[in-house]
Amino acid sequence: MQQYYDKGDIQLYLGDCIEILEKAAPDSIDMIFADPPYMLSNGGISCQAGKVVCVNKGKWDESKGLDEDFAFHLKWINACRRVLKPNGTIWISGTYHSIYSCGFALQKSGFKILNDICWLKPNASPNMSCRYFTASHETLLWAKKDPKGKHTFNYDIMKNGDWGDDAIKKPNKQMRSVWQIDTPKSYEKTFGKHPTQKPLELNNPCLNK
């Protein structure tokens, strides 16, 4: 485990998430946002900046089969559950390659799923094979640790807040479970690119809810 950023009350660590979570006290964290491997590095192709590229991101993103993939998700989700406060919540992002396994693991671990959010990407990459529908969304699961616990939801902020370029969110209307948000902007990649980097705008409602 390596700490490579520390400013004020913000610390970033590089390492195995389970090893890092083991160092945290039980029932000590309000919220977790997780972006686990999607298990889609299968030798296929995709489109990036108008060019055909390989989808392979590394060994860490390769599927090991349904059973092993599920065991992996169950392990890290249980590690998250241990450190969440009784009224704590977790967000998990993913595509169809992984999100259903994560959802089942959440329920097996005792979480209650509160919402599934459809993150609509109006600028999503085209499908290069022309054999499938163009993948233009990801799913976010929002769940609470204790099914009987009272989770935090800032209704007024969600309803009346300024949510940037999201054309689906109407002023003074309840926020829906479909969010239209572009993929990360160029300035968000100043310090390098992550293969599944999330836009800052996507995190805003998760952090402010």
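This report describes the pockets, surface patch, salt bridges and selected backbone features of a predicted model.

**Pocket and surface patch**

Two or more lining residues come from each of β1 (2-7), β2 (10-14), α1 (17-22), β3 (29-34), α2 (66-83) and α5 (200-208). In terms of residue class, the lining of this pocket holds 26 nonpolar, nine polar and nine charged residues.

β1 and β2 each give two or more residues to the patch, and the greatest contribution, three residues, is that of β2. Leu 12 is part of strand β2 and is partly exposed, with a relative accessible area of 38%.

The largest cavity contains about 50 Å³ of space. Its lining is formed by Trp 163, Asp 166, Met 175, Trp 179, Ile 181, Glu 201, Asn 204 and Pro 205. Of these residues, five are nonpolar, one is polar and two are charged. Helix α5 supplies the largest share of the cavity lining, with three residues; α5 is also among the elements that give two or more residues to the lining of the largest pocket.

**Salt bridges**

Side chains of opposite charge can pair when their charged atoms come close. Seven salt bridges are found in the whole structure, and three of them are listed below.

| Salt bridge | N to O distance |
|---|---|
| Lys 85 and Asp 30 | 3.0 Å |
| Lys 121 and Glu 138 | 2.7 Å |
| Glu 201 and Lys 185 | 4.0 Å |

The pair of Lys 85 and Asp 30 has a distance of 3.0 Å. Because Lys 85 lies in strand β6 (residues 84-94) and Asp 30 in strand β3, this pair ties together parts that are 55 residues apart in sequence. Lys 85 is partly exposed, at 27% relative accessible area.

Lys 121 and Glu 138 pair at 2.7 Å. Lys 121 sits in the loop between β7 and β8 (137-144), while Glu 138 is in strand β8, so the bridge connects parts 17 residues apart in sequence. Lys 121 and Glu 138 are both buried.

Glu 201, a cavity-lining residue, forms a salt bridge with Lys 185 at 4.0 Å. Glu 201 belongs to helix α5 and Lys 185 to the loop between β9 and α5, so the pair ties together parts 16 residues apart in sequence. Glu 201 counts as buried at 18% relative accessibility, whereas Lys 185 counts as partly exposed at 30%.

**Backbone features**

Most residues other than glycine have a negative phi. Asp 27 has a positive phi, near 55°, and lies in the loop between α1 and β3. Asp 27 is partly exposed, at 41% relative accessibility. Asn 172 likewise has a positive phi, near 60°, and is located in the loop between α4 (155-160) and β9 (178-180). Asn 172 is exposed, with a relative accessible area of 52%.

Technical notes. Residues are numbered from 1 along each chain as its sequence is written. This is a predicted model: local features need pLDDT of at least 70, side-chain atom pairs count only at pLDDT 80 or more; totals for chains, interfaces and linings use all residues. Side-chain values use heavy atoms; hydrogens and water are left out. Helices (H or I, at least four residues) and strands (E, at least two) are DSSP runs, numbered from the N terminus. Ala, Val, Leu, Ile, Met, Phe, Trp, Tyr, Cys and Pro count as nonpolar, Asp, Glu, Lys and Arg as charged, and the others, Gly among them, as polar. Buried means under 20% relative accessible area, exposed over 50%, partly exposed in between (1.4 Å probe, protein chains only). On a 1 Å grid over the protein atoms alone, a cavity is a set of points where a 1.4 Å probe fits but cannot get out, and a pocket is an open set with protein on both sides within 12 Å along at least five of seven lines; lining residues have an atom within 4 Å of a point. Grid points are joined across faces, edges and corners, and a volume is the space filled by probe spheres set on the points. A salt bridge is a side-chain nitrogen of Lys or Arg within 4 Å of a carboxyl oxygen of Asp or Glu.
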